[in-house]
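The sequence and the structure come first.

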Amino acid sequence: MSLNLYDTSTRTVRDFVPVEPGRVSMYLCGATVQAPPHIGHIRSGLNFDVLRRWLTRLGYDVTFCRNVTDLDDKIIRVSAEEGVPWFVVAERNQRAFTWAYDQLGCLPPTVEPRAMGHVPEMVELMRRLIDKGHAYAAGGDVYFDVVSYADRYGKLSNQKLENMRAAGDTDTDSLKRDPRDFALWKGAKPGEPTWPTPWGRGRPGWHLECSAMATKYLGGTFDIHGGGVDLIFPHHENEIAQSQAAGDGFARYWLHNGMLKLGGEKMSKSLGNSLLIPDMLRKVRAVELRYYLVAAHYRSEMDYSEEALLEAAAGYRRIEGFVTRAAEVIHDVDAVAPLPEAFADAMSDDLNVPQALAVIHEVVREGNVALAQGNKEQVARLLAETQNMLDVLGLDPRSEQWRGTGDSGLREVVDALVAVALEQRQAARARKDYAAADAIREQLAAAGVVVEDTPQGPRWELAR
């Protein structure tokens, strides 16, 4: 099946053809760990988790590299404000990101390099650039000379060099040949961590880090580079410039996810509009939050509202309800049932998850009809199709990830207690004491347990 992806660098939807047949190399700009993650951060990780899952389903062996930026100006500022070393800030927030990715069902990356563990690779990249005349040392800093790359600089972001403003990434612009030159290396400053280089002690610039890590783990030319649209310029533009100027082919496809906003503004800690993951998981279950964040097309801009979140959670529960009821009837699900063609077409059309979810909901509607009619053969087929589609999106409620979602054993305790109450209710009905049976049902409802009588016996779920 042909996979088509929107490539930011050409601004077209292109057939995906990997560098090496049967294998995909993918790099995602991950977290800058100056603070714990909000849902805007995690949306990017989820979007590319879905892409990775679909590539795997198509038969590719995927190497997925998601980096961690564990030192930058913001981390240094937080470190100074709190009076703790920079690595304490980085480690604390890195753990928060890992927890959030795990909670929302992201598969672990093949490799997750930290920037400060790759300074030797950065020094070597700077050496190559200086030798080729694309970078220069000045006063302890090292800068990329954008004029030396003028014929290609700005292609990703569709800008012309003459219209670009100063890089604004250092307070030493007087050392630059051109104010648009960007820092590869920042000379040592009091109170900042530093590493030795042939051009003096200091620390790396942000853009240099990703080029060094991507090529170390994926090679000089690799398949996909991803990140948020806010990274197109200057970060990704500068990655391309320094990598290709050094002689690497770098990424062949550039994919960018849209921003998640609140009230029309980009989520940021400085604006006070961050929706942190622990806070969100008090509103909905982790699987429901995942559904909400992947339901929109990855390139679309989302504007968060609690109403939309709860609507999405209800939509997921409709799917989950069918899977749960069908699994009570069908005990041997055919896990290798083929994916519906309409679902596969949607996923291969630039990862059109909204259309793919529409297919899932249609199959669920057919499944509920089959359940009502008692057509077990039809139920079995539709259940298998539904679970296979949900697995691609990381949303199968019967998967190990989501079984008893996040209750840390509480679900098992509730199961046992509700089972006792339902046995008492059934005993009351058997002796025709319907008032007692109704009272038990009402007490369960007051506790947030909704009981549904089915041909297979009573089943229950927690009210939302």
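## Serine 157

Leaving aside neighbours within four places in sequence, serine 157 is in contact with Ile232, Phe233 and Glu237. The contact with glutamate 237 includes a polar one: the two side chains are joined at 2.6 Å. The model is a predicted one.

Serine 157 sits in the loop between strand S6 (141–144) and S7. Its relative accessibility is 18%, so serine 157 counts as buried, the cut-off being under 20%.

## Helices H5 and H6

Helix H5 covers residues 206–218 and helix H6 covers residues 232–245. Two packed helices are described by the angle between their axes and the distance between the axes. For H5 and H6, the axes come within 9 Å and cross at roughly 55 degrees. The two helices are therefore oblique to each other, and their crossing is right-handed.

Which residues meet where H5 and H6 come together? From H5 they are Trp206, His207, Leu208, Cys210 and Ser211. From H6 they are Pro234, His235, Asn238, Glu239, Gln242 and Ser243.

## H5 and glutamate 209

H5 has 13 residues, which should span 18 Å at 1.5 Å a residue; the end C-alpha atoms are 19 Å apart, and this agrees. The buried residues in H5 include His207, Leu208, Cys210 and Ser211, each of which also meets H6. Also buried in H5 are Glu209, Ala212, Met213, Ala214 and Leu218. After the helix comes glycine 219, with a positive phi near 95 degrees.

Beyond its neighbours within four places in sequence, glutamate 209 is in contact with Thr69, Leu71, Ala115, Met116, Met122 and Pro204. Histidine 118 is 91 residues away from glutamate 209 along the chain, yet their C-alpha atoms are separated by 7.7 Å.

## Alanine 188

Alanine 188 lies in the loop between strand S7 (182–187) and strand S8 (202–204). Not counting residues up to four places away in sequence, alanine 188 touches Thr194, Arg201 and Gly202. Aspartate 141 is 47 residues from alanine 188 in sequence, and the C-alpha atoms of the two are 8.6 Å apart.

## Helix H11

Helix H11 runs over residues 353–373, 21 residues in total. From first C-alpha to last it reaches 30 Å, close to the 30 Å expected at 1.5 Å a residue.

The buried residues of H11 are Val353, Ala356, Leu357, Val359, Ile360, His361, Val363, Val364, Gly367 and Ala370. What do these buried residues pack against? Their partners are helix H1 (39–57), helix H8 (286–295), helix H9 (306–329), helix H10 (341–348) and helix H12 (376–393).

## The chain as a whole

The secondary structure comes to 14 helices and 15 strands. Along its principal axes, the C-alpha trace spans about 90 × 50 × 35 Å.

Of the 464 residues in the chain, 50% are buried. Among contacts with a separation of 6 or more, 74% join residues 24 or more positions apart.

Methods: Residues are numbered from 1 along each chain as its sequence is written. This is a predicted model: local features need pLDDT of at least 70, side-chain atom pairs count only at pLDDT 80 or more; totals for chains, interfaces and linings use all residues. Side-chain values use heavy atoms; hydrogens and water are left out. Helices (H or I, at least four residues) and strands (E, at least two) are DSSP runs, numbered from the N terminus. Contact means heavy atoms within 4.5 Å. The expected span of a helix is 1.5 Å times one less than its number of residues. Buried means under 20% relative accessible area, exposed over 50%, partly exposed in between (1.4 Å probe, protein chains only). A polar contact is a pair of N or O atoms within 3.5 Å; within protein, one must be able to donate a hydrogen and the other to accept it, and residues adjacent in sequence count only if both atoms are side-chain atoms. Axes are lines fitted to C-alpha atoms, for helices over the stretch in contact, and angles run from 0 to 180 degrees between N-to-C directions. Angles under 35 degrees count as roughly parallel, over 145 as roughly antiparallel, 65 to 115 as roughly perpendicular and the rest as oblique. A crossing is left-handed if the near helix is turned anticlockwise from the far one by less than a right angle, and right-handed if clockwise.
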